[in-house]
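Visitor: I would like to learn how to read a model like this one. Please take me through its features one at a time.

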Amino acid sequence: MTTGSELQPSGEGTVEQPPVSGAPAIGVFLLRVIGAVAIPIVAFFLLWVTFDFLRDEDANRLLVVGVAIFVGVAGVFFLYWAMNRAIEMLPERYREGVRPYVFVGPALVILSVFMVYPVINTILISFKDSGGEAFVGLDNFKFVFTDQYMLRAIRNTAGWIILVPLAAVSIGLAFATLADRLGRGESIAKSLIFLPMAISFAGASATWTLIYAFRPEEFGSNIGLLNGIMLGLGQNPVAWLQEKPWNNLLLMVIMVWMQTGFAMVVLSAAIKSIPDEILEAARIDGASELQVFRRIIVPTILPTIVVVTTYMVINALKVFDIVFVIGSPEANGTVVIAERMIDWFFISNHDGRAAAIAVVLFVAIVPVMIWNIRRFREEEAIR
Amino acid sequence: MSATTAPPATEQIPVRGAKEAKGLEPRTGSWFVRIAVLVIVVIWMIPTAGVLITSFRPEALVDTTGWWTALAHPFETSQWTFENYRLALDTGGFASAFLNSLAVAIPATVIPITIAAFAAYAFSWMEFRGRYLMFIAVVGLLVVPLQMALIPILRLYSQGAIVGGYYVFPDLDLNGTFLGVWLAHTAFGLPLAIYLLRNYIGSLPSSIIESARIDGADHFTIFWRLIIPLSVPALAAFAIFQFLWVWNDLLVAYVFLGGSRETRVLTLALQGLVGREGENWHLLTAAAFISMALPLLVFFSLQKYFVRGLTAGAVKG
C-alpha cells in the first residue's frame, strides 16, 4: 500500500527539480531540502537514544516507567511537530502538496507494517513448516481439520459463538425492556449490569474461579459459592471446572456476565428511540404488554439487534483470555480456536500450524469485513 | 459494523426524562418488574461482591469459610484486614505490575489517538490522491482479528525483514520493550480510531475551516487550534475505550512483553496467580481488585464518556 519513505515528507520535494534562477536560489533551496530531511532524522535519532535507555534492566523501575510514559506521549507529538517544521522549510509551492502525506503518512506506514503486511505474511506462513521456512502445501490445514484438540476447539468455539450472543442479547433485551418501565432507579440498575464491562477478561475469570472453586475431601473446606450451595442442599461438592462438557458452559457464563451490559445499553437506547405514540396507540387498541414487545418493540429495533449480535459473535469467535486464565484447557476439554493458535505459536513453537489456525479465524470474519465495506460505500454514496 | 453501533442515540446509560417530559410515564413499577430487575441486578453483583469481601478477610478465615459467612456479622472488625493488599502489592509484585500497566496503557492510548486524529483530518478535509481507496482499506482493517498479526510482528521484532538480501525492516530487537507493545497496540487501535474520528471531524461544519483558510491559516494550525479543541468529546470517548482496552488486554502484552516478573502487566500477573490452582484466595482476590481498581474508577467517574466510547468502539480486531 505504502512505503516507509512517506515518513519523510521531503520525499516528493526532492524528486522534482525546481526551475533554476541563479546560484543563491539553488543554495537556499538545497539548504531547505536538507533541513527538511534532517529534522525528522534527528528527531528519530533522539527518540531512539531514549528508547535504548528504557531497555536498561538495572535502572530504577519507577524512573523507567516515568520516562517511558513521557517519551511515549511526548515523542509522538514531537514527531509531528518536527515533520511540520520540515514542511515549512520546503519551497512554498510544494508545501501543500506534501502536507497531506505527512498527516496520513504515519498512520498508513503503521497500518501497512503492522496489519497489511502481517495478514499477507500469516497466510504465507500457514503453508509452511514449523519454523516458517519450507513450504509444506496444505499440511497445516489438514492438521487443523483432523487434530482431535483442534476439532474439539472448533466444536467448542461454535458453542461459544451461538450460545454467548444468544444469552447475552436475550438477557440484555429483557433487562432493557424491564428497566424501561422502572421509572426511578433505572440508571443505577443499568450501571450495575454494565459494570463488568469495565474489567478485564482476566479479572472476570479470577472473579468467577471464586464461584466455581472446588476442593476434594481432606484438602480443606469448600469456599466456592456454588459448592457452598451444594453443601447447603446436602449434596456433595462438585469439581465444576472439570465436569466435561458442562465446564464449557460455565466458562461461557463468564463472558455472558461481562457482555450482557453492553447489549443492554445499546438495545435500551434503541427502545427509547421508539416513538411513544406508536406504543400508546397499540396499548389503547388493547394490545397486551407481551404483544407490544413482540409485535412492535422487537421488529422496530431488529437492525440494532443484528448489529449487537454480530459484534458478540466476532468477540466470541476470538475468545482467548477466559480459557487461558482458567487454565488446563486440553485436560478439561475447554480448548477454543484462538487459544489453540497461541498454544501452537508459543508453547509448541509451530508457526505454520499457528498461522493456519489464525487464517481459519480470519476467513470466518471476512464476510463481516466485506459487509462493512459495502455498508460504508453505500453510506458514502448517500453523503 | 461500528458504523451502526455508533449512533448518537446510544450515548448514555441514564436515559430518564425523555418520557417523563412528555408526561407519558408508561405503567411503571409493577411488582413483577421491580422484583425481576432486582433479582437480575443481585445475581450480576454477586461475583464482584464475593471478590471484594474475600479480599478484605484474613487468610485463615478465607481458607476455611465461604465469603458469604462474613455477611452474617459484618461489624465484627476482627474479620477484616488490609493485609492481603499489602502482600499482593509488595511480595506479590502487583505494585510493579501496576506501574507496567500504566507504562503500557498511557502511551498506547495517546499515540494512536494522535496519529489517528491527523489522519482523520487529512481524510476529511485535505485533497490528495488515493484518499478514498486508502480509507476503504482502513474500513476493511476494522475487523481483522489481531491473531493474524501476531506471528509476523513478532518476527519483525526479533529478526527484521529481509528481502533480496536487504533489510526492509531493520532488526530492532523490540521484543519485550515498551515501544514494541505501544506500536502493536497503536496498530490494532488505529483503524477504529481513524474511522470514528473521521466520522466526527468530517461532520464539523466546513464553513469554519474555510473561513480559517481565508484568514491564511495553514492546515497544521487549523488542525491544532481549531479541530482538536472541537473534537474533545470524540477524542475523550475513544481515549477511554482505548485505555481500557489496553489496560484489560492480556494477549498483546503476553506476546510482546512476556510474563517475566520485571515486565509483566497486571493481567498477566493475575493470570499467574489463578494458574496456581487457586490456593492463594486471599492474594488472588486482592490482586483481582487491584487490577479492576482503575477501570472501575474510570467507569464511575466518566460513565457518560465510557459508555459512548464502548458503544462506538464495538468492533475491534
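Guide: Start with handedness: a crossing is left-handed if the near helix is turned anticlockwise from the far one by less than a right angle, and right-handed if clockwise. Helices (H or I, at least four residues) and strands (E, at least two) are DSSP runs, numbered from the N terminus. In chain B, α12(B) passes α15(B) in a left-handed crossing. This is a predicted model, in which local features need pLDDT of at least 70 and side-chain atom pairs count only at pLDDT 80 or more, while totals for chains, interfaces and linings use all residues. Residues are numbered from 1 along each chain as its sequence is written, with chains lettered from A and ligands numbered from 1 in the order in which they are written.

Visitor: At what angle do helix α12 and helix α15 of chain B pack?

Guide: Two packed helices are described by the angle between their axes and the distance between the axes. Axes are lines fitted to C-alpha atoms, for helices over the stretch in contact, and angles run from 0 to 180 degrees between N-to-C directions. Helix α12 (residues 232-248) of chain B packs on helix α15 (residues 281-301) of chain B at about 160 degrees, and their axes are 10 Å apart. That makes α12(B) roughly antiparallel to α15(B). Angles under 35 degrees count as roughly parallel, over 145 as roughly antiparallel, 65 to 115 as roughly perpendicular and the rest as oblique.

Visitor: Which residues of α12(B) and α15(B) meet?

Guide: Two residues are in contact if their C-beta atoms, placed from the backbone, lie within 7 Å. From α12(B) come Ile240(B), Leu244(B), Trp247(B) and Asn248(B), which meet Leu294(B), Pro295(B) and Val298(B) of α15(B). By class, the contact of α12(B) with α15(B) has 6 nonpolar residues, 1 polar and no charged. Here Ala, Val, Leu, Ile, Met, Phe, Trp, Tyr, Cys and Pro count as nonpolar, Asp, Glu, Lys and Arg as charged, and the others, Gly among them, as polar.

Visitor: In which sense does α9(B) pass α12(B), left-handed or right-handed?

Guide: The crossing of α9(B) and α12(B) is right-handed. Helix α9 (residues 178-202) of chain B and α12(B) pack at about 160 degrees with axes 11 Å apart, and α9(B) and α12(B) are therefore roughly antiparallel. The residues from α9(B) include His185(B), Gly189(B) and Tyr200(B), and those from α12(B) include Phe238(B) and Gln242(B). The contact of α9(B) with α12(B) divides into 7 nonpolar, 3 polar and no charged residues.

Visitor: Which residues have the most contacts inside the largest nonpolar core?

Guide: In soluble globular proteins, nonpolar side chains tend to be buried together. A residue is buried if 20 or more other C-beta atoms lie within 10 Å of its own, exposed if 12 or fewer, and partly exposed in between, with C-beta atoms placed from the backbone. A nonpolar core is a set of buried Ala, Val, Leu, Ile, Met, Phe, Trp, Tyr and Cys residues joined through C-beta atoms within 7 Å. The largest one has 212 residues, and Ala116(B), Ala119(B), Leu197(B) and Ala287(B) have the most contacts inside it. Helix α6 (residues 94-125) of chain B supplies the largest share of this core, 20 residues. Leaving out residues up to four places away in sequence, Ala116(B) touches Ala107(A), Leu190(B), Ala193(B), Ile194(B) and Leu197(B). Of the 317 residues of chain B, 52% count as buried.

Visitor: How many residues does the contact take from chain A and from chain B?

Guide: The contact takes 108 residues from chain A and 114 from chain B. On the side of chain A that touches chain B, helix α4 (residues 92-125) of chain A gives the most, with 19 residues. That side of chain A has 73 nonpolar, 20 polar and 15 charged residues.
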